[in-house]
Amino acid sequence: MRIFRTTQGIVIESDGQFFLSASSNWDSFLNREDLFQALKTEIQSLSPNGDLATLLSKETLAPIVSQEVWASGVTYLRSREARMEESKDAGGGDFYAKVYDAERPELFFKATAARTVGPGAQVLIRRDSKWNVPEPELTLCMSSSGKIIGYTIGNDMSSRDIEGENPLYLPQAKSYDASAALGPGVLVTEEPISPETVISIQIKRAGQVVFENSIQINRMKRQLPELASWLFRETSFPHGVFLMTGTGIVPPNEFTLAVGDEVCISIEGIGELVNVVGMR
Ligand code: DO4
Ligand code: MG
């Protein structure tokens, strides 16, 4: 099942049928340990409405209201390699090798809802950066009790020159207005997502594909419940939280995003998150 936050209310999709939920409060709707069962029960009392499919293509909002967005880093070998290369002049490369092998993962605060955009909205690159990339990441949706209740697509927009200059600049490289995109909806499953699930990204410039790649989530060094349980150590999330799980796809070093690029990230079972790159 998938759930979508839209301008017209909360839409539940089940087996290709669309239902408008009776609930209008995203925070309380989402933050339920038994979300899958609750959705199954709710749709029994609702009538399917085919018009909602059309609504979804234009009116879907980021699936976030009061939740925070956190992110994991250096969870795939490709991310470890890329960070070590970009920070070699700063002598920071060693940190990335160490965190890849350490028991404690890298976890960082990424964004509030106000700095997160949804499908179709602009993601921004910083004016003071010359090297920017999208990071396509499977994103966990977790309840306040720490349970993984669903999955969405995340784009952890990153300024590689700022991050590479000094690891202490990470918050500036990662967290700024419209630096995070989430959506389109949240996939809610009874069983954990399959490790064979593929994440793909395609970047188009003036209609031409300038970068594309894919990876399976089983290439991740860490387990999803492991990342989830580290996040909840000594930290509470009264409305639940989104956790980006790191990127396994980094474009070659000569690639940087440009204003007007279209970034399309897809994850099997969840859908497609499309955003255009802008600058203020
Ligand atoms: O350590 C820097 C950030 C890593 C990250 O965002 C990733 O691996 O996805
Ligand atoms: Mg990332």
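Reader: In this predicted model, which residue forms a salt bridge with E86, the closest N and O atoms being 2.6 Å apart?
Author: The salt bridge of E86 has its closest N and O atoms 2.6 Å apart, and the pair links distant parts of the chain, 74 residues apart, with E86 in helix α4 and its partner in helix α6 (residues 160-165). Both side chains belong to buried residues. The partner of E86 is R160.

Reader: Where in the chain does R83 lie, given that the pair with E135 links distant parts of it?
Author: R83 forms a salt bridge with E135, with 2.8 Å between the closest N and O atoms, and both residues are buried. E135 sits in the loop between β9 (132-133) and β10 (136-142), 52 residues apart from its partner, whereas R83 lies in helix α4 (residues 77-86).

Reader: Is R280 buried or exposed?
Author: The side chain of R280 meets that of D177 in a salt bridge of 2.8 Å, N to O, and D177, at 33% relative accessibility, counts as partly exposed. For R280 the relative accessible area is 59%, and the cut-off for the next class is over 50%, so R280 is exposed.

Reader: Why does F211 count as buried?
Author: F211 lies in strand β15 (residues 208-216) and touches, among others, I201, I249 and F255. Buried means under 20% relative accessible area, and F211 counts as buried because its relative accessibility is 10%.

Definitions and conventions
Residues are numbered from 1 along each chain as its sequence is written. Chains are lettered from A and ligands numbered from 1 in the order in which they are written. This is a predicted model: local features need pLDDT of at least 70, side-chain atom pairs count only at pLDDT 80 or more; totals for chains, interfaces and linings use all residues. Side-chain values use heavy atoms; hydrogens and water are left out. Helices (H or I, at least four residues) and strands (E, at least two) are DSSP runs, numbered from the N terminus. Buried means under 20% relative accessible area, exposed over 50%, partly exposed in between (1.4 Å probe, protein chains only). Contact means heavy atoms within 4.5 Å. A salt bridge is a side-chain nitrogen of Lys or Arg within 4 Å of a carboxyl oxygen of Asp or Glu. Lists of a residue's contacts leave out its neighbours within four places in sequence.
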